[in-house]
Amino acid sequence: MNAARISGKAGLICLQVPGRGRGLEPLFDLLEKTKLPIRHFIPAHINQNQRYFEQAIRFAKMGGIADLTSSYSPDLGFSNAIKPSNAVRLLLEAGVEIEHITMSTDGNGAHPHGDFLGRPVGSTYLPVSSLYAEFRDIVFLEKIPIEDALKIFTSNVSRTLYMPDLKGTVCEG
């Protein structure tokens with residue numbers, strides 16, 4: 001965290017938590033034992049499976065960020081994932097504040113896949129267009145007001161990155 005102070009940057013740790021194992025439990029233990037600020041940790045891909053998603057709800061209700069990934073969706077071959085637009089609605093219904101929800105994409109990232117023995121046979125490239133598709137579905141399918149949906153992709157992200165005066169909003173000046 002000293003590096004953040006020296007550089008004038010956010011000093012965030014983006015956690016790439018696998019969809020198996022203990023999930024966010026080690027992070028909950030760390031936060032409890034060290035009293036480190038929750039704002040420095042961002043678990044990514046929280047919609048990759050139901051168990052991890054439920055842990056992320058707990059994390060967000062503690063004041064953390066619930067960072068969804070637009071390209072992790074059953075529509076794009078992730079059979080255990082929760083569709084991101086649906087996940088937004090579920091987060092809100094669980095009592096997570098809209099300001100604690102962000103969404104990004106692993107667009108153009110390669111997700112390896114294997115044969116029936118688990119040997120790698122190729123990669124699926126994740127589309128950048130999933131971000132717009134999920135924004136549209138949040139508004140039209142999930143019926144979340146456009147002004148709230150926009151926050152998930154813009155001002156919430158800039159505030160999380162400690163850049164609210166530089167990015168994420170359209171304003172005079």
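# A tour of the chain, from overview to single residues

What you have open is a predicted model.

**Whole chain**

Show the chain as a cartoon. Counting along it gives 7 helices and 6 strands. Starting from the N terminus, their order is α-β-α-β-α-β-α-β-β-β-α-α-α. The radius of gyration is 17 Å, close to the 16 Å that the globule rule gives for 173 residues, so the chain is as compact as a globular protein of that length. Along the principal axes, the C-alpha atoms fill a box of roughly 50 × 40 × 30 Å.

Next, display contacts. Among those with a separation of 6 or more, 58% are between residues 24 or more positions apart.

**Charges**

Colour the charged side chains. There are 18 positive and 18 negative ones, and the centres of the two sets are 6 Å apart. Side chains of opposite charge can pair when their charged atoms come close. How many salt bridges does a search of the whole structure find? The search finds 10, and the next stops visit some of them.

**Stop 1: Lys83**

Select Lys83 and Asp75. These two form a salt bridge, with 3.6 Å between the closest N and O atoms. Asp75, at 59%, counts as exposed.

Asp137 and Lys83 are both buried.

**Stop 2: Lys151 and Glu99**

Move to Lys151 and Glu99, another salt bridge, whose closest N and O atoms are 3.5 Å apart. Which parts of the chain does this pair link? Lys151 belongs to helix H6 (residues 146-153) and Glu99 to the loop between H4 and strand S4 (101-104); the two are 52 residues apart, and the pair links distant parts of the chain. Lys151 has a relative accessible area of 26% and is partly exposed. Glu99, with a relative accessibility of 31%, also counts as partly exposed.

**Stop 3: Thr160**

Last, select Thr160, in helix H7 (residues 155-160). Its relative accessibility is 12%, so Thr160 counts as buried. Which residues is Thr160 in contact with, leaving aside its neighbours within four places in sequence? Show Leu12, Ile42, Ile65 and Thr102: these are the residues in contact with Thr160 once those neighbours are set aside.

Finally, bring back Glu99 from the second stop. Glu99 and Thr160 are 61 residues apart along the chain, and 9.3 Å separates their C-alpha atoms.

Technical notes. Residues are numbered from 1 along each chain as its sequence is written. This is a predicted model: local features need pLDDT of at least 70, side-chain atom pairs count only at pLDDT 80 or more; totals for chains, interfaces and linings use all residues. Side-chain values use heavy atoms; hydrogens and water are left out. Helices (H or I, at least four residues) and strands (E, at least two) are DSSP runs, numbered from the N terminus. The radius of gyration is taken over C-alpha atoms; the globule rule is 2.2 Å times the number of residues to the power 0.38. Contact means heavy atoms within 4.5 Å. Lys and Arg count as positive and Asp and Glu as negative; His and the chain ends are not counted. The place of a charge is taken as NZ of Lys, CZ of Arg, CG of Asp or CD of Glu. A salt bridge is a side-chain nitrogen of Lys or Arg within 4 Å of a carboxyl oxygen of Asp or Glu. Buried means under 20% relative accessible area, exposed over 50%, partly exposed in between (1.4 Å probe, protein chains only).
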